[in-house]
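This report covers the sheets, the helices packed on them and the nonpolar cores of one model.

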Amino acid sequence: MKVLVIGGGGREHALCLALARDDEVTELHCAPGNAGIAAVATTHPVNAGDPDAVADLAAQLGVDLVVVGPEGPLVAGAADVVRARGIACFGPSGAAATLEGSKAFAKEIMAAADVPTAMARICDDFDQVADALDAFGPPYVVKDDGLAAGKGVVVTTDREAALAHAKACGRVVVEEYLDGPEVSVFALTDGQTVRAMAPAQDFKRLADNDEGPNTGGMGAYCPLDWVPAGLLEDVTERVLQPTVDEMRRRGTPFVGLLYAGLALTSRGLRVVEFNARFGDPETQVVLARLRNPLGALLYAAATGTLDLAEPLHWTEDVAVHRGGGRRELSGHPAYRR
């Protein structure tokens with residue numbers, strides 16, 4: 001199997017490392033890639049945000065599978081254009097990727113699917129935001145409705161800071177604060193079958209003691225020996241499968257990686273957010289422990305045969321990742337190398 005991975009960050013490096021371990025992957029390409037990825041895959045220059053350029057490269061290389069890493073190309077419709085060329089693609093359509101592209105849409109889907117999540121108000125103007133903040137009270141949670149590379153959320157007890165963030169974003173979702181630890185669960189899906197992967201936990205705040213500004217992720221680890229027994233079964237039954245079923249019911253089946261950011265609150269499981277792709281930095285620790293050949297799993301999801309794939313198997317190793325989120329905040333006074 002010939003595989004092309006789209007993207008050039010740590011997530012795509014982790015994907016390429018896992019695919020390189022798969023004996024069935026005879027050719028591995030990545031675009032645009034990076035210097036580290038070049039050690040295990042052939043890299044190619046491409047504008048990942050241009051769906052036609054991505055599809056042209058896939059056709060030129062004659063690949064059997066395209067794996068789209070970042071959310072931007074997915075929301076732009078890269079998977080749609082690749083599939084239109086007759087090439088299997090692991091990644092949701094542009095319409096299905098709206099599950100990440102709009103937090104308001106995600107709330108709508110969760111309400112329809114009866115998925116547990118935080119109470120929220122969708123706000124289009126300053127007065128609506130102010131009313132929502134007063135209704136929920138501190139800590140205030142304000143989320144940019146659109147894509148923000150993991151940095152569009154402010155959680156603060158400072159009402160003025162919450163208002164300022166909302167004003168900078170435009171349309172926002174204001175939510176009730178969810179207590180308890182957060183857990184990331186990735187799920188492979190072909191639009192019908194769901195296979196949940198090992199839970200991981202990442203850390204968003206820049207500095208120690210969960211302080212400093214929010215980042216795209218400062219590090220992660222896996223496995224989690226403290227989560228409740230049966231967590232994956234519970235998440236699959238109450239969150240993942242209902243969401244996939246609702247998306248299919250609407251005529252926009254979700255094919256690819258459904259990422260559920262969860263809070264294990266004092267009142268039970270709640271969804272913090274959905275993403276439409278592998279997360280960074282959790283991918284690095286989750287895939288390091290996966291024993292299954294990754295190429296076969298991604299191809300099965302992309303071609304509607306995930307129900308025939310083997311159950312997921314994991315090593316007993318512990319994986320820890322430190323990094324991510326540092327580049328864009330390296331000048332911040334709280335940052336320590």
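In which sense do β1 and β4 pair, and over how many bridges? The pairing of β1 and β4 is parallel and runs over 4 bridges. Two strands count as paired if DSSP finds at least two bridges between them. Helices (H or I, at least four residues) and strands (E, at least two) are DSSP runs, numbered from the N terminus.

The model is predicted: local features need pLDDT of at least 70, side-chain atom pairs count only at pLDDT 80 or more, and totals for chains, interfaces and linings use all residues. Residues are numbered from 1 along each chain as its sequence is written, and side-chain values use heavy atoms, with hydrogens and water left out.

**The parallel sheet**

β1 and β4 belong to an open sheet of 5 strands with parallel pairing, in the order β3-β2-β1-β4-β5. β3 (42-43) and β5 (88-90) are at the edges with a single partner strand each, so one side of each has no neighbour in the sheet.

Contact here means heavy atoms within 4.5 Å. Axes are lines fitted to C-alpha atoms, for helices over the stretch in contact, and angles run from 0 to 180 degrees between N-to-C directions. Helix α11 (residues 294-302) lies across β4 and β5 and runs at about 110° to β5.

The side chains of β4 split by direction: Leu65 and Val67 point one way, Val66 and Val68 the other, and all are buried. Buried means under 20% relative accessible area, exposed over 50% and partly exposed in between (1.4 Å probe, protein chains only).

In α11, 7 of its 9 residues are buried, namely Leu294, Gly295, Leu297, Leu298, Ala300, Ala301 and Ala302. Their cover includes α1, β4, β5, β10 (182-189) and α10. After α11 comes Gly304, with a positive phi near 75°. In α1 (residues 10-20), the buried residues are Arg11, Glu12, Ala14, Leu15, Cys16, Ala18 and Leu19; they pack against β1, β2, β4, α3 (71-75), α10 (282-289) and α11.

**The antiparallel sheet**

Another open sheet has 4 strands in the order β6-β9-β7-β8, with antiparallel pairing. Its edges are β6 (120-123) and β8 (153-156), each with a single partner strand, so one side of each is left without a neighbour in the sheet. From one strand to the next the twist averages 20°. β7 (residues 140-144) pairs with β8 in the antiparallel sense over 4 bridges, and Tyr140 is opposite Thr156 in β8.

| Helix | Strands touched | Angle between directions |
|---|---|---|
| α7 (residues 126-136) | β6, β7 and β9 (172-175) | about 170° with β6 |
| α8 (residues 159-169) | β7, β8 and β9 | about 10° with β7 |

**Nonpolar cores**

A nonpolar core is a set of buried Ala, Val, Leu, Ile, Met, Phe, Trp, Tyr and Cys residues joined through side-chain atoms within 4.5 Å. The largest one has 49 residues, and Leu4, Val66, Leu99, Val239, Leu240 and Phe274 touch the most other members. Helix α9 (residues 231-249) contributes the most to this core, with 6 residues. Leaving out residues up to four places away in sequence, Phe274 touches Leu99, Glu100, Ala106, Met110, Val239, Thr243, Leu258, Tyr259 and Ala260. A second, separate core of 40 residues includes Cys16, Ala88, Ala200 and Ala300.

Asn275 lies in strand β15 (residues 268-275) and is buried, with a relative accessible area of 7%. Its contacts, again not counting residues up to four places away in sequence, are Glu100, Leu257, Leu258 and Tyr259.

**The α6 and α9 contact**

The axes of α6 (residues 103-113) and α9 come within 9 Å and cross at roughly 105°. The two helices are therefore roughly perpendicular, a label for angles of 65 to 115 degrees. Phe105, Ile109, Ala112 and Ala113 of α6 meet Pro242, Thr243, Glu246 and Met247 of α9. These residues divide into 6 nonpolar, 1 polar and 1 charged. Ala, Val, Leu, Ile, Met, Phe, Trp, Tyr, Cys and Pro count as nonpolar, Asp, Glu, Lys and Arg as charged, and the others, Gly among them, as polar.

Note on methods: Parallel < 35°, antiparallel > 145°, perpendicular 65-115°, else oblique.
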